[in-house]
Amino acid sequence: MMSARYLDPKKRHEFVFLFDVRDGNPNGDPDAGNLPRVDPETMHGLVTDVALKRKVRDYIALTREGKPPFAIFVQSKVALNRFILQGFQEAGIEPVSLQLTEEQMAKESLLEHLDGLAEAGLSREGNTLYYSGQAATEKEIAKLLMGEEEAVAPFKKELEKLAKELAKAVKGRKITEEDRERAQAKLLERFFDIRMFGAVLSTGLNAGQVRGPVQLTFARSLDPIAPLEVSITRVAITREEDRARKETEMGRKPLVPYGLYRAHGFFNPFLAAKTGVQPEDLEALWDALQNLFELDRSAARGEMTVRGLAVFSHEDRKGNAPAHRLFGLIRVERREGVEAPRSFADYRVRAPKEGSLEAHGFPGVHLAWLVRPEGLEDLPPHVG
């Protein structure tokens, strides 16, 4: 590693991320029976940005034990609205709340309706209904609660009652924009993925939206892939009544024999300043990308390996060169005579030497390889 430039959140960074898969499914498509995702026109394999960020989140949660400031916001164990509520409470702001009665809790259609009013500033945790909307009068709140008259007809009286109670509770306790900013600041302090990737914090109590400084593209395979679906059997029978007539059950396993994928990423220092990104956050991000599959092994995903991670760092916060031209300096090509790639050795990777890229026509830009591809060849300065 040439320097710590790539750890500076005040600099602009771009990165190239290379990984491959052997006999596995890197990202199943639920719309295609979980077969590996492909571009239907070219048959190049795809892995979504969402899938890559999910793996980053999982790695951080596992290695940092989910503790602030590296807690993870987007997860399955705790509802997002509860985290947002905690953000308000940690900021010393107790939102307006009502306790729903046993009779109200017994009406599933009413609860479903209330749970769908996040945009109105309502959030329910158990039998407690929280409100952080802008409407303050009974008439205004009732309008938010009602929605379509026909849909709410069975519990219209209940909504009118709630509107009256909320209007009474709101008096003198309206949540201001400053309150929302304070709650958002608490959430940014606590959650790594909000600081880095951004988040919608208005799914219940409204703490606004955060635009993250780190953005990822889809990963795309360098060559067309051959999605396969292999038949498998198992001796364990699912249902007791089936045991008498069969000894095994059949299944299907989708996979890619081999694919080398490439994704691009971007780090915006201006957005990073707004979300409070620290050098430790960038260090955690690079650590996660370098080891993305090491702690996430799965029989379904086969053998996945990070093959390269190159970071371009700019001296000027606004950038010293267009990102697409820098990406063009990392050249990955299939070796001559290879028709069906089945290993990373079937590819040739050429790139500039680490350090300043002034010789390639990009003064003020530095390249660092955090994962250096095996067999990396130098790209001569006159080629750029």
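The following legends describe close-up views of a predicted model.

Local features are reported at pLDDT of at least 70 and side-chain atom pairs at pLDDT 80 or more, whereas totals for chains, interfaces and linings use all residues. Residues are numbered from 1 along each chain as its sequence is written, and side-chain values use heavy atoms, without hydrogens or water.

**View 1. Crossing of helices H2 and H8.** Helix H2 (residues 80-90) and helix H8 (residues 177-190) have axes that come within 8 Å and cross at roughly 110 degrees. Helices (H or I, at least four residues) and strands (E, at least two) are DSSP runs numbered from the N terminus. Axes are lines fitted to C-alpha atoms, for helices over the stretch in contact, with angles from 0 to 180 degrees between N-to-C directions. H2 and H8 are therefore roughly perpendicular to each other (under 35 degrees counts as roughly parallel, over 145 as roughly antiparallel, 65 to 115 as roughly perpendicular, and the rest as oblique). The contact (heavy atoms within 4.5 Å) joins Phe83, Ile84, Gln86, Gly87, Phe88 and Glu90 of H2 to Asp179, Arg180, Ala183, Lys186, Leu187 and Arg190 of H8. By class, this contact of H2 with H8 holds five nonpolar, two polar and five charged residues. Here Ala, Val, Leu, Ile, Met, Phe, Trp, Tyr, Cys and Pro count as nonpolar, Asp, Glu, Lys and Arg as charged, and the others, Gly among them, as polar.

**View 2. Packing of helices H5 and H7.** Helix H5 (residues 138-146) packs on helix H7 (residues 156-170) at an angle of about 135 degrees, with the axes 8 Å apart. That angle makes H5 oblique to H7. From H5, Glu138, Ile141, Ala142, Leu145 and Met146 meet residues of H7 that include Leu159, Leu162, Ala163, Leu166 and Val170. The contact of H5 with H7 comprises ten nonpolar, no polar and four charged residues.

**View 3. Packing of helices H1 and H11.** The axes of H1 and helix H11 (residues 279-290) lie 9 Å apart, at an angle of about 110 degrees. H1 and H11 are therefore roughly perpendicular to each other. Val56, Tyr59 and Ile60 of H1 are in contact with Ala284, Leu285, Asp287, Ala288 and Leu289 of H11. Seven of these contact residues of H1 and H11 are nonpolar, none is polar and one is charged.

**View 4. The largest pocket.** The largest pocket has a volume of about 260 Å³. Its lining consists of 15 residues, with Ala61, Gly66, Ile72, Gln75 and Lys77 nearest the centre. Helix H1 (residues 49-63) gives the most to this lining of the largest pocket, four residues. By class, the lining of the largest pocket has six nonpolar, three polar and six charged residues. On a 1 Å grid over the protein atoms alone, a pocket is an open set of points where a 1.4 Å probe fits, with protein on both sides within 12 Å along at least five of seven lines, and lining residues have an atom within 4 Å of a point. Grid points are joined across faces, edges and corners, and a volume is the space filled by probe spheres set on the points.

View 5. The peptide bond from Pro68 to Pro69 is cis, with omega near 5 degrees, and Pro69 is found in the loop between H1 and H2. Asp23, in strand E1 (residues 13-24), has a positive phi near 50 degrees although the residue is not glycine.
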